[in-house]
Amino acid sequence: MLIHTVERGDSVYSIAREYGIPPTRIITDNLLSNPGRLVVGQDLVILFPTVTHTVKGGETLERIAALYGISLLDMYRNNPILGGLPSIYPGQVLNISYDTSPLGEISSNGYAYLTIDQAVLRRTLPYLTYLSVFSYGIRDDGGLIPPEGDEEGVLNLAREYGTVPLLVLTSLTERGTFSSKLAAEVLANEELANVVINSVVTTVAEKGYGGVDVDFEYIPAEYSSAYANFIARLSDALGEEYRVFVSLAPKYRADQPGLLYGGHDYGLLGEAADNVLLMTYEWGYTYGPPLPVSPINEVRRVIDYAVTEIPREKIFVGIPNYGYDWPLPYVRGESKARSLGNVEAVQLALDRGVAIEYDDVAQAPYFTYYDRPETYDDAVEHIVWFGNARSSDAMLRLVSEYGLDGAGVWNIMKYFPALWSVMNSLYTIRKL
């Protein structure tokens, strides 16, 4: 695998000639919807399969996979154009295998709401070890607030693709917001905490989840030990059959100030949980100043601290699957960024006729553009920070570099082919 960054004058056909591959391979591997138009600075993943197969009449995907001694999931991962479905046609060229994954194995986790488009979910599940279903909140009496959507359908699809579904438990109230007060009440009241734990255990068993991912945010610092104790008790109640994850705010040091950080004791929570997810994103966020969502220099600072407190083999690094579009100039307390998908960001650059730049320190792409008002005087400049193949490659390589267990993607609601192609090229993805 290599990543080609489009230069002025490039076309799919000239790039294909440069690497000695068919143009259709670039189009299908990158799922290009408009291959006749590329953006200067756009990343394209170039894959070099070692074995291919041309479909013959009467063949099925399952039979082809068996012929080469690989699984259907391997076929889906190696051929994004299939969309996670076994539909093929005579004459279609399928990628069977690539060179051995150079960086070893990886565990992967993706967060999704139950409202996720089924086609997007099917495309993504072959790449996931775990699927974290967002989310169950907590009522005042300790009962759970279920997520809206087709829970049974999503869980059945996860299992169909060999992905372990995780129930995400959050300190969200019935109003749908994270509550510091609710988190404190649960952690301060052992009886209420027991009700929550029992509710989780019952729901996990009834619904068929394979574990729990706990995401309590804005916990007052005085409850940090109680939070770790809650995680340990939940793990004991679930038993060894189920895994317990806990999501951690991105800290650089133990005594980092702020309501987001104080209640997350890395050492205690790392000991209590089977795995932790470092929420290494949102440096750039909706109401903040324009910044990369996950600048890799800042992500490294978080991991550098985390590995001093938590066993490396328990840690997942968080990877964002989105970007933000800020109007300029940024005005604190007034400006608000618009969230957008990574594929959508490239399309926006194409529509506005602007080139994509790349910040080598943050390892993140960005571009600026002007909107299209009725008069020139009303034109507003924008800056967009998002993710591409190079930023995905940089983030994913941290797993191998630091000896971590894996990566967790927030979130998988929009399909981003480059992320999964890069992951599949660098690693063998674990299926439990």
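1. Leu38 is buried, its relative accessible area being 18%, which is under the 20% cut-off for that class. The model is a predicted one. Leu38 sits in the loop that runs between helix H2 (23-29) and strand E2 (43-46).

2. Leaving aside residues up to four places away in sequence, Leu38 is in contact with Val6, Asp10, Ser11, Val12, Ile15, Leu32, Leu44 and Leu350.

3. Helix H12 (residues 296-309) packs with helix H14 (residues 389-402) at an angle of about 25°, and the axes are 11 Å apart. The two helices are therefore roughly parallel to each other, since angles under 35 degrees fall in that class. The crossing of H12 and H14 is right-handed.

4. On the H12 side, the residues that meet H14 are Ile296, Val299, Arg300, Ile303, Asp304 and Val307. Their counterparts in H14 are Ala394, Met395, Leu398, Glu401 and Tyr402. Sorted by class, this contact has 8 nonpolar, no polar and 3 charged residues.

5. Two of the residues in that contact, Arg300 and Glu401, also form a salt bridge, at 2.7 Å from N to O. The pair links distant parts of the chain, with Glu401 in helix H14 and Arg300 in helix H12, 101 residues apart. Glu401 is partly exposed at 48% relative accessible area, and Arg300 is also partly exposed, at 29%.

6. A further salt bridge joins the side chains of Arg301 and Glu298, at 3.1 Å from N to O. Arg301 and Glu298 are both in helix H12, and because they are 3 residues apart, about one helical turn separates them. Arg301 has a relative accessible area of 42% and so counts as partly exposed.

7. In helix H4 (residues 72-78), Asp74 and Arg77 are 3 residues apart, about one turn of the helix. Their side chains meet in a salt bridge of 2.7 Å, N to O. Which of the two burial classes, buried or partly exposed, applies to Asp74? At 24% relative accessibility, Asp74 is partly exposed. Arg77, at 9%, is buried.

8. The salt bridges number 15 by the rule applied. Asp325, Arg338, Glu344 and Lys414 are linked in a network of them.

Key
Residues are numbered from 1 along each chain as its sequence is written. This is a predicted model: local features need pLDDT of at least 70, side-chain atom pairs count only at pLDDT 80 or more; totals for chains, interfaces and linings use all residues. Side-chain values use heavy atoms; hydrogens and water are left out. Helices (H or I, at least four residues) and strands (E, at least two) are DSSP runs, numbered from the N terminus. Buried means under 20% relative accessible area, exposed over 50%, partly exposed in between (1.4 Å probe, protein chains only). Contact means heavy atoms within 4.5 Å. Axes are lines fitted to C-alpha atoms, for helices over the stretch in contact, and angles run from 0 to 180 degrees between N-to-C directions. Angles under 35 degrees count as roughly parallel, over 145 as roughly antiparallel, 65 to 115 as roughly perpendicular and the rest as oblique. A crossing is left-handed if the near helix is turned anticlockwise from the far one by less than a right angle, and right-handed if clockwise. Ala, Val, Leu, Ile, Met, Phe, Trp, Tyr, Cys and Pro count as nonpolar, Asp, Glu, Lys and Arg as charged, and the others, Gly among them, as polar. A salt bridge is a side-chain nitrogen of Lys or Arg within 4 Å of a carboxyl oxygen of Asp or Glu.
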